[in-house]
Structure formats: structure tokens, C-alpha cells
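Subject: The structure, and what turned up in it

Hi,

Here is the structure for you to open alongside this note.

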Amino acid sequence: QVQLVESGGGLVQAGDSLRLSCVASGLTFGYYAMGWFRQAPGKEREFVAAISRSGASTYYADSTKGRFTISRDNAKRTVFLEMNSLKPEDTAVYYCAADRVILTVPPSTKHSDYDYWGQGTQVTVSS
């Protein structure tokens with residue numbers, strides 16, 4: 001049974017930082033590209049960041065580029081999202097997701113491509 005468990009969300013002020021973690025179990029972690037998505041109330045789920053199987057390649061939404069950093073530790077089956085200079089518009093439920101891909105395929109930015117999802121962690125940024 002595949003499980004993705006996010007943690008690290010919370011209530012912070014604008015300009016603060018948070019680090020999200022997502023621990024995977026029940027799958028061969030190194031076979032999966034990993035992504036972070038978010039969904040605010042009344043809005044569609046949107047891409048935040050993604051990382052290739054090896055961690056060598058990363059991709060970001062324009063809204064998070066330069067402020068967020070995605071990384072992974074394959075030995076610990078964990079993917080991270082370091083979020084700096086948080087803004088109120090970053091408020092959302094953040095989800096990690098796993099996408100089974102061959103080694104040379106870059107990670108997808110489309111949520112429909114991902115095979116497994118976590119339950120999400122709430123991030124609230126007050127102004």
C-alpha cells in the first residue's frame with residue numbers, strides 16, 4: 001500500500017519560511033519523480049514544484065521560482081519543499097505526489113500525470 005505523508009505546514013506571517021516534508025512508503029522511491037501541488041479554497045489544484053528521480057533536475061511554477069526549493073533524499077524516501085519569503089497568496093493545502101517515470105523523462109507539471117497523492121498539509125500565511 002502506497003502512502004505519502006506530508007508534514008511541516010502551519011500558520012506563519014508574511015515573509016516567514018516553512019519547510020514541508022513528504023515521506024513515501026510502499027513504493028520504490030527512486031523510480032518516481034516527485035511533485036508538490038497546492039490548492040486554495042475555491043481554486044483548482046496548481047503546480048508548485050517538481051524534481052526528477054535522481055534529484056538532478058527541478059522545476060518550479062513562475063509564482064514560486066526563486067522563493068521555493070524542492071529537494072529529495074532517496075535514502076530516506078523523502079521529498080522536501082523549502083518555502084521562503086512566504087506571501088498570503090501562498091495560503092493553501094500543499095500536496096506531494098509521485099509520478100512513475102523512466103529515468104530520462106523530466107517530471108511533469110500536470111497533476112493528472114501523478115499516480116499517488118498525500119493527504120495534504122495546510123499552510124496559512126497571514127499578512
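Let me start with a term: a salt bridge is a side-chain nitrogen of Lys or Arg within 4 Å of a carboxyl oxygen of Asp or Glu. By that rule, Glu46 and Arg38 are joined through their side chains, with 2.5 Å from N to O.

Before going further, please keep in mind that this is a predicted model, in which local features need pLDDT of at least 70 and side-chain atom pairs count only at pLDDT 80 or more, while totals for chains, interfaces and linings use all residues. Residues are numbered from 1 along each chain as its sequence is written, and side-chain values use heavy atoms, with hydrogens and water left out.

**Overall build**

The protein has 11 strands and 0 helices; both are DSSP runs numbered from the N terminus, with helices being H or I of at least four residues and strands E of at least two. The radius of gyration is 14 Å, close to the 14 Å that the globule rule gives for 127 residues, so the protein is as compact as a globular protein of that length. (That radius is taken over C-alpha atoms, and the rule is 2.2 Å times the number of residues to the power 0.38.) Along its principal axes, the C-alpha trace spans about 40 × 30 × 25 Å.

Of the 127 residues, 42% count as buried. Here buried means under 20% relative accessible area, exposed means over 50%, and partly exposed is in between, using a 1.4 Å probe and protein chains only. Contact means heavy atoms within 4.5 Å. Among contacts between residues at least 6 apart in sequence, 60% join residues at least 24 apart.

**The cores**

A nonpolar core is a set of buried Ala, Val, Leu, Ile, Met, Phe, Trp, Tyr and Cys residues joined through side-chain atoms within 4.5 Å. The largest one has 27 residues, and Met34, Trp36, Val79, Leu81, Met83 and Tyr94 have the most contacts inside it. Among the elements that give two or more residues to this core are strand 3 (18-25), strand 4 (32-39), strand 8 (78-83) and strand 9 (92-100). A second, separate core of 6 residues includes Phe37, Phe47, Ala50 and Tyr114.

Leaving aside neighbours within four places in sequence, Leu81 is in contact with residues including Leu18, Leu20, Trp36, Val48, Phe68, Ile70 and Tyr94.

**Aromatic rings**

There are 6 aromatic pairs in the structure. Rings of Phe, Tyr and Trp (its six-membered ring) pair if their centres lie within 6.5 Å; planes under 30 degrees apart count as stacked, over 60 as edge-to-face and the rest as tilted. Tyr32 and Tyr116 make a tilted pair, 6.1 Å centre to centre with 55° between the planes. This pair links distant parts of the chain, with Tyr32 in strand 4 and Tyr116 in strand 10 (residues 116-117), 84 residues apart. Tyr32 is buried at 9% relative accessibility, while Tyr116 is partly exposed at 33%.

Tyr95 and Trp117 have ring centres 6.4 Å apart and planes at 75°, so their pair is edge-to-face. Tyr95 is buried, at 13%, and Trp117 is partly exposed, at 25%. Ring pairs also link Phe37, Phe47, Tyr95, Tyr114 and Trp117 into a cluster.

**Charges**

A charge sits over a ring if NZ of Lys or CZ of Arg is within 6 Å of the ring centre and within 35 degrees of the ring normal. Arg45 does this over Tyr95, at 3.9 Å from the ring centre, and Arg19 over Phe80, at 4.0 Å.

Arg19 also forms a salt bridge with Glu82, where the closest N and O atoms are 3.7 Å apart. Arg19 lies in strand 3 and Glu82 in strand 8, so this pair ties together parts that are 63 residues apart in sequence.

How many salt bridges does a search of the whole structure find? The total is 5. One of them joins Arg67 and Asp90 at 2.7 Å, N to O. Arg67 is in the loop between strand 6 (58-60) and strand 7, and Asp90 in the loop between strand 8 and strand 9, 23 residues apart. Both ends are buried, Arg67 at 11% and Asp90 at 1%. Salt bridges that share partners join Arg38, Glu46, Arg67 and Asp90 into one network.

Best wishes
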